[in-house]
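My notes follow in the order I took them.

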Amino acid sequence: MSAKTAADYAAFDAELTHQALNFRLLMRLLGWLRPYRITVFVSLVLVVAASATVVLTPVVTGRVVIDTLLVPNPASSDLPDYGLIDFTYGTAEAVGLSPLMVAGLLFFGLVLANGVLMLAHRLTLVSSALKALRDLRLDLFASLERKPASFYDHVAIGRVMTRATNDVENLFSLITGFGMIAGEFVPFLLALFLLLHISGELTGAVLLAVPLAAVATYWFRRVMRDIFRRIRNSVSALNQFMQENLVGMEVVQLSGRQELNRGQYGELNRDNRRQEFRAIGFEVTYDAFNHSLIGIATAVVVWYGGGQVVQEEISLGSMVLFTQLINMLVMPVVALGQQFNTLFRSMASGERIFQALDWDESQKEPERPVAMPDRLRGEVEFRDVRFRYAMGDPVLHGVSFTIRPGEKLAVVGPTGSGKSTLIRLLARFYDFDDGMVFLDGVDVNQIASSDLRRRLGIVLQDFHIFSGTVLDNITMNDPAISREQAIDAAQMVNADGFIRDLREGYDTRLAERGQNLSQGQRQLLAFARVLARKPQILVLDEATASIDTATELLIQDAIHSLTEGRTSIVIAHRLQTIQECDRILVLHHGRVAELGTHEELIARRGIYYTLHELQFQDAGSVSDFAASAAKSDGP
């Protein structure tokens, strides 16, 4: 893992490239479409065919109906009609209908064909985009799962969720938008070819609108670039604030912070509304300007082209055709500008997504991991381990001790002494280089983390219940754990009784975070989850701290039988839960203060003795503990 600073983690959300168009990022994004390139190619063929029908429709109106059937004009015979005049007469003669009726049916057929082709184009394009974004979201989720615990110590979960949800959704408009642009520029080229044949002067007058639209698009791009980035940041802040407060709702209500939080959320919401309103204002102005250009260009054609019709310089059908083709010259530029709108939103989202994918903080894995035997002896050794969390004060100061195979070691000490940190290092949730931890004589840094963790059974005080059934939460959907094994594990920790009392037993669906269970029931379920995996080393990290006395008595026998013959580490504040352990390790300020049996430590009358007195005698011993702690720190 590369060293990270506070500025690095701040950059995870703030310091992006601020590029309006990043071709490297765009090409990388399109790489997720590669598996679906055949579908994308079919979609592009369909949109080209649909675009051709868009150009042919006004040709039927101007060249076939007006110049040939209604107001015949031989002077217009040199203008291209793409064979539609011959097709109209030939079909009329073949089926016995009037040419005008055939022209009407032809017009209807082209409109219908355009609708069908565009529908097929959109369906194939959307299908490819959704599949590509599905794959991207899966890759992003897998990347986030590989991030170490230290990453989530510093990055807000709400901001991470924004990348996997809102940001990925924004890319959908980007991918589909490029397909739509292809459908706009094919008519542009065909229409330009036709207009130049009809009148070079009129075409030049209409083309004056194109650079004006381009200038407007450039101005729009410059203004909107930063606005959309602010919008994404405001949405991310909203998600983060809501996630934090919903997860901690009980604390919010107990503290009476509802009104204060509502005010803070309202300010964040108002900031988002201001940015969105600015974006909408510029979008409306931009659209109005471009549509006004089309109207002005049409007025010029009617005024100037009408004079040419009167002077018989061009035909009436040509002028009608000209007015219908104006949209096809200007609208691609307008569509490009609108796509820039989407592009700005998507580039900001794409930068954030790839920033998460490329974040180089990861768990160290050995190049050649040591192959551990199927069964461990269970010896654990900490040798001069020193550790600090990123950007924090040192937590462990040269901790050394050994747990013999099959031994039950209790770890006690005041809050903040480093008890839980020992477990996190043993399970390699954090990388460390100062000191060594051995498992059966093998450095844990030389063991694959997946191989190491499947041998550890850790019951945490702050455990997590997932959505799903009770059985799912015991097996964790591991196919190697059968229903019978899960039930056996639940019976061992006396959880089977309350589970069978639930409406659907083991198939009862649990509410979010297990809110339809009591705290004690959730803790028993956590025990069953760990036992079902048949761990070779058992760790109980404050595992009974949230359980009432009656429930604690239910699991004492289970814990006793569980730890029998298995290397076990028991971390607890309640000393009655660890007095049966073989030895007791006392940590104080990240150092090993005492190590021995319960009787030995009581006789020593040190920190453990003071902790024992605090729990089993009276609160007056607090002053004794403070004096003892000060003495143990030394000069």
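In which loop does R605 lie? I found R605 in the loop between α20 (598–604) and α21 (607–616). Helices (H or I, at least four residues) and strands (E, at least two) are DSSP runs, numbered from the N terminus.

**Ground rules**

I am working with a predicted model, where local features need pLDDT of at least 70, side-chain atom pairs count only at pLDDT 80 or more, and totals for chains, interfaces and linings use all residues. Residues are numbered from 1 along each chain as its sequence is written, and side-chain values use heavy atoms, with hydrogens and water left out.

**Entry 1: the chain**

I counted 22 helices and 12 strands in the chain. Of its 635 residues, 49% are buried. Buried means under 20% relative accessible area, exposed over 50%, and partly exposed in between (1.4 Å probe, protein chains only). I also looked up contacts with a separation of 6 or more: 77% of them join residues 24 or more positions apart. Contact means heavy atoms within 4.5 Å.

**Entry 2: positive phi**

Most residues other than glycine have a negative phi. I noted R605 for its phi near 55°, a positive value in a residue other than glycine. With a relative accessible area of 56%, R605 is exposed.

R428 also has a positive phi, about 60°, and is not a glycine. I placed R428 in the loop between α13 and β4 (436–439). Is R428 buried or exposed? R428 counts as buried, because its relative accessibility is 0%.

**Entry 3: the six-stranded sheet**

I traced an open sheet of six strands in the order β6-β9-β10-β3-β11-β12, with mixed pairing. Two strands pair if DSSP finds at least two bridges between them. β6 (456–460) and β12 (591–596) are at the edges with a single partner strand each, so one side of each has no neighbour in the sheet. From one strand to the next, the twist averages 15°.

I then went through the pairs. β9 (residues 537–541) and β10 (residues 567–571) run parallel and are joined by five bridges. V539 stands opposite I569 in β10.

Which helices pack on this sheet? Helix α13 (residues 419–426) does, touching β3 (408–412), β6, β9, β10 and β11 (583–588). Its direction makes about 145° with that of β10. Helix α18 (residues 519–532) packs there too, touching β6 and β9, and its direction makes about 175° with that of β6. Axes are lines fitted to C-alpha atoms, for helices over the stretch in contact, and angles run from 0 to 180 degrees between N-to-C directions.

**Entry 4: strand β11**

I gave β11 its own entry. Six of its six residues are buried. R583, L585 and L587 point one way from β11, while I584, V586 and H588 point the other way. β3 and β11 run parallel, joined by four bridges, and A410 stands opposite I584. With β12 the sense is antiparallel, over five bridges. There H588 stands opposite R591. β11 and β12 form a hairpin with two residues between them, and H589 in the turn has a positive phi of about 55°.

**Entry 5: the four-stranded sheet**

I found an open sheet of four strands, ordered β2-β1-β4-β5, with antiparallel pairing. Its edge strands, β2 (394–403) and β5 (442–443), each pair on one side only. Two bridges link β4 and β5, with F438 opposite D443.

**Entry 6: helix pairs**

I checked helix α4 (residues 84–95) against helix α5 (residues 99–146): they pack at about 120°, with axes 8 Å apart. That makes α4 oblique to α5. Angles under 35 degrees count as roughly parallel, over 145 as roughly antiparallel, 65 to 115 as roughly perpendicular and the rest as oblique. From α4, the contact residues are L84, F87, T88, Y89, T91 and A92, and from α5 they are P99, V102, A103 and L106.

Helix α8 (residues 200–207) and helix α11 (residues 258–310) pack at about 170°, with axes 10 Å apart. α8 is therefore roughly antiparallel to α11. I listed E201, L202, A205 and V206 of α8 against V300, V301, Y304, G305 and Q308 of α11.
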